[in-house]
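Hello,

Here is the structure I promised to pass on. Please open it first, then read my notes below.

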Amino acid sequence: QVFLGAQQVPPRHVAVKRLRGNTLELAEQLFSEALLTGSLEHPNIIPVHSIKIDPERGPEVVLKRVEGESLEQAFLRIGETEAGLKELLSKLLQVCNALDYAHSKGILHRDVKPENIMLGQYGEVYLLDWGIAIDTRSQEKPNEGVVGTPHYIAPEMLSGDPSVIDARTDVYLLGATLHFL
C-alpha cells in the first residue's frame with residue numbers, strides 16, 4: 001500500500017510504501033525492491049529517500065511523492081488523437097531511457113506497462129514498481145515462476161525460468177505498451 005506521508009526534515013510530502021500484511025517473505029520482497037530501486041539513480045526512476053524497518057509492521061519505504069497520473073490514465077483522458085499520441089510517445093521515450101540505464105546496471109524490470117509509468121504534473125516521467133525486477137549481476141538466484149501482467153507478458157516469461165529473461169524481454173514489454181497506445 002502507498003500512503004501520503006509528511007516528512008519532518010526536510011519538510012515535504014512523501015510517498016510511503018508499506019505491506020498490507022507483514023510476513024517474512026513479503027518483508028524480504030519489499031526490502032529487496034527498495035534496495036534495488038534505490039540503487040538506480042536516474043531521472044526517470046522514482047527516487048527512494050529511505051527505508052525503515054519496523055519489527056511489527058515490516059519495512060517502510062519512503063519515496064518521492066509524484067502528483068500526476070499513470071500513462072494509462074493519461075491515454076484515457078487524452079484519447080486517440082494524433083496530438084495526444086505524440087505527447088504520450090515522448091513520455092514513452094523517457095521510459096526507454098530509464099530501461100537503458102537499468103540494463104546498463106544489469107537490472108531487468110519485467111513489468112513495464114502503462115499503469116507502471118507515472119506522469120507528473122510538471123513533465124516528470126517515472127518508471128515505477130521494480131518489485132519483480134531481476135539483478136542479473138547478483139549472486140542470488142531469482143525466484144522461479146511466471147510473473148508479470150498477462151496483457152503485456154513476453155512469451156519467454158511464460159516458462160517461469162528467469163535465466164531466459166534478458167533486456168529483450170523489457171523491449172517486448174515496451175512494445176506491448178506502445179501497442180496499448
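A four-stranded open sheet comes first, with strand order 1-2-4-3 and antiparallel pairing. Its edges are strand 1 (2-7) and strand 3 (48-54), and each of these pairs on one side only. From one strand to the next, the twist averages 30°. Please keep in mind that this is a predicted model.

The pairings in that sheet:

- Strand 1 runs antiparallel to strand 2 (residues 12-18), and six bridges join them. Phe-3 has Val-16 in strand 2 as its bridge partner.
- Strand 3 and strand 4 are also joined by six bridges, in the antiparallel sense. Here Ile-51 has Val-61 in strand 4 as its bridge partner.
- Strands 3 and 4 make a hairpin, with three residues between them.

The loop between strand 1 and strand 2 deserves a look, as Pro-10 is found there. The peptide bond from Val-9 to Pro-10 is cis, with omega near -15°. Most peptide bonds are trans.

Next, helix 1. Helix 1 covers residues 24-39 and lies across strand 2, strand 3 and strand 4 (58-64). Its direction is at about 155° to strand 3.

Which residues of helix 1 are buried? They are Ala-27, Leu-30, Glu-33, Ala-34, Leu-36 and Thr-37. Note that Glu-33 is in that list. The cover over these buried residues includes strand 2, strand 3 and strand 4. It also includes strand 6 (107-108) and strand 9 (134-135).

Three strands form an open sheet in the order 5-7-8, with antiparallel pairing. Strand 5 (68-70) and strand 8 are at the edges with a single partner strand each, so one side of each has no neighbour in the sheet. Direction ignored, neighbouring strands here are turned by 20° against each other on average. Strand 5 and strand 7 run antiparallel and are joined by three bridges. Gly-68 has Gly-120 in strand 7 as its bridge partner.

Two helices pack on this sheet. Helix 2 lies across strand 5 and strand 7, at about 95° to strand 5. Helix 3 touches strand 7 and strand 8, and its direction makes about 45° with that of strand 8.

These two helices also pack on each other. Two packed helices are described by the angle between their axes and the distance between the axes. For helix 2 (residues 71-78) and helix 3 (residues 82-104), the angle is about 170° and the axes are 10 Å apart. Angles over 145 degrees count as roughly antiparallel, and helix 2 and helix 3 are therefore roughly antiparallel to each other.

Who meets whom at that contact? From helix 2 come Leu-71, Ala-74, Phe-75 and Ile-78. They meet Gly-84, Glu-87, Leu-88 and Leu-92 of helix 3. By class, that contact has six nonpolar, one polar and one charged residues.

Helix 3 passes the length check too. At 1.5 Å a residue, its 23 residues should span 33 Å, and its end C-alpha atoms are 33 Å apart, which agrees. Its buried residues are Gly-84, Leu-88, Lys-91, Leu-92, Val-95, Ala-98, Leu-99 and Ala-102. What covers them includes helix 2 and strand 6. Strand 7 (117-120), strand 8 (125-127) and helix 4 (167-180) are also among the cover. After helix 3 comes Gly-106, with a positive phi near 80°.

Most residues other than glycine have a negative phi. Two residues to check:

- Arg-110 is not a glycine, yet has a positive phi of about 70°. Arg-110 lies in the loop between strand 6 and strand 7. Is Arg-110 buried or exposed? At 8% relative accessibility, Arg-110 counts as buried, the cut-off being under 20%.
- Asp-129 is not a glycine either, and has a positive phi of about 60°. Asp-129 sits in the loop between strand 8 and strand 9. At 31% relative accessibility, Asp-129 counts as partly exposed.

Best wishes

Methods: Residues numbered from 1 in each chain as written. Predicted model: local features only at pLDDT ≥ 70, side-chain atom pairs only at ≥ 80, totals over all residues. Heavy atoms only, no water. Pairing = 2+ DSSP bridges. Axes fitted to C-alpha atoms, helices over the stretch in contact; angles between N-to-C directions. Contact = heavy atoms within 4.5 Å. Buried < 20%, exposed > 50% of the residue type's maximum accessible area, 1.4 Å probe, protein only. Parallel < 35°, antiparallel > 145°, perpendicular 65-115°, else oblique. Nonpolar A, V, L, I, M, F, W, Y, C, P; charged D, E, K, R; others polar. Expected span 1.5 Å × (residues − 1).
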